Amino acid sequence: MNKNMTESAAQLAATLSSLQSLYNKATKDNTRKAYQHDIARFLASGAPLPCQEADVLKYITQVCQHLNPKTLQRHLLSVKHWHITQGLPDPTANPQVKQALKGALNTYAQPVLKAEAMTEKGLHQVVDFLLTQKNKRSIRDRALFLTGFYGACRRSELARFHWEDLQFVNEGLILRFRHAKGDRQQCGERCSIPAGKVVNHCPIQALLDWQRASGYHQGPVFREIFKNDRVGEKGIQGQQVNRMIQKRAQQVNLPNAGKISAHSLRRGFATEAFRKGASLNHIKRHGRWKSLKTVLEYLEDARLFVDSPVSVFF
């Protein structure tokens, strides 16, 4: 009897472990981390979990004046997700909670801060500067800038690239995105980058230069580098990508360098490709955007004069 109970307990534990693994894979790592961060903020305010509608209303009134309404909205989404995964009623579904959140959005709404789009001229300015720096860090950063821009990459994608994801072909390069945003079934997505005509500005040549300098042909592409210029085994993190791009933009005094971030490469690619005549559908497919509306939002600045009705007068 005891033996059977022990075996049943072991089977139950194995089943629960398998289920937990499936639950974890149902949510992206970044999304799960955001949920955990938001829940920690919610608990730090003194709110309990599980909670009632009154607790959520109290939280809204506590933080609405100093927290971006969009961030508050995400916090409530995390609270909702926590309760649903626990099989508990959702306290944020209450009409009073929804009305209070709407009031906070209307009262304390702030302009969306967009990353400055990196122009191709600015990109080349950074790359030309890096070519003058004779060290492995500059070789790596040159490859990262060019790959990030022409691949319309997110910072998380740049941090996750492995050499096995890069396929060098006669025409150029095929990038494979194993964990692309929106690819919930993990099927993988691809984009192609033709070889550049100017060698110094060609992302394929930059990657080959970095591969040769780093000495690695497998594992993470963009790796940490120590002060003695030694390349480490670990790949860089998304936040490091952001800081690296900001630092390089400031070093060459790019206009609005303070607004440059990793997202500037992706936004800049869409803007520059549109200005040079690429179709919206081609931009959408290359950047792995699911919605054309999202692409149009990226192109808002580039379209300001193109779509202006005033142009008919001149």
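Contact here means heavy atoms within 4.5 Å, and helices (H or I, at least four residues) and strands (E, at least two) are DSSP runs, numbered from the N terminus. The model is predicted, so that local features need pLDDT of at least 70 and side-chain atom pairs count only at pLDDT 80 or more, while totals for chains, interfaces and linings use all residues. Residues are numbered from 1 along each chain as its sequence is written, and side-chain values use heavy atoms, with hydrogens and water left out.

**Exercise 1. Determine which residues of α3 meet which residues of α5, and describe how the two helices are oriented.**

Step 1. On the α3 side the residues are Glu-53, Val-56, Leu-57 and Ile-60, and they meet Gln-96, Val-97, Ala-100 and Leu-101 in α5.

Step 2. Axes are lines fitted to C-alpha atoms, for helices over the stretch in contact, and angles run from 0 to 180 degrees between N-to-C directions. The axis of α3 and that of helix α5 (residues 95-108) cross at roughly 10 degrees and come within 9 Å. Angles under 35 degrees count as roughly parallel, over 145 as roughly antiparallel, 65 to 115 as roughly perpendicular and the rest as oblique, and α3 is therefore roughly parallel to α5.

Step 3. Ala, Val, Leu, Ile, Met, Phe, Trp, Tyr, Cys and Pro count as nonpolar, Asp, Glu, Lys and Arg as charged, and the others, Gly among them, as polar. By this division the contact of α3 with α5 holds 6 nonpolar residues, 1 polar and 1 charged.

**Exercise 2. Describe the packing of α7 and α11 by angle, distance and handedness.**

Step 1. Helix α7 (residues 136-150) packs with helix α11 (residues 263-275) at an angle of about 50 degrees, the axes being 7 Å apart; α7 and α11 are therefore oblique to each other.

Step 2. A crossing is left-handed if the near helix is turned anticlockwise from the far one by less than a right angle, and right-handed if clockwise; α7 passes α11 in a right-handed crossing.

Step 3. From α7 the contact draws on Leu-144, Phe-145, Gly-148, Phe-149 and Tyr-150, and from α11 on Leu-265, Gly-268, Phe-269 and Glu-272. These residues divide into 6 nonpolar, 2 polar and 1 charged.

**Exercise 3. Work out the strand order of the open sheet and how its strands pair.**

Step 1. Two strands pair if DSSP finds at least two bridges between them. The open sheet has 3 strands in the order β1-β2-β3, with antiparallel pairing; its edge strands, β1 (166-169) and β3 (189-194), each pair on one side only, and the twist averages 20 degrees from one strand to the next.

Step 2. Between β1 and β2 there are 4 bridges, and these two strands form a hairpin with 2 residues between them. Phe-168 has Leu-173 in β2 as its bridge partner, while Val-169 stands opposite Gly-172 in β2.

Step 3. Strand β2 (residues 172-177) is joined to β3 by 6 bridges, and Arg-176 stands opposite Arg-190 in β3. Helix α9 (residues 203-214) packs on the sheet, where it touches β1, β2 and β3, and its direction makes about 115 degrees with that of β1.

**Exercise 4. Identify the bridge partner of Ile-225 in β5, and describe the turn of the hairpin.**

Step 1. Strand β4 (residues 223-225) and strand β5 (residues 231-235) run antiparallel and are joined by 2 bridges, with Val-231 in β5 as the bridge partner of Ile-225.

Step 2. The hairpin of β4 and β5 has 5 residues between the strands, and Asp-229 in the turn has a positive phi of about 70 degrees.
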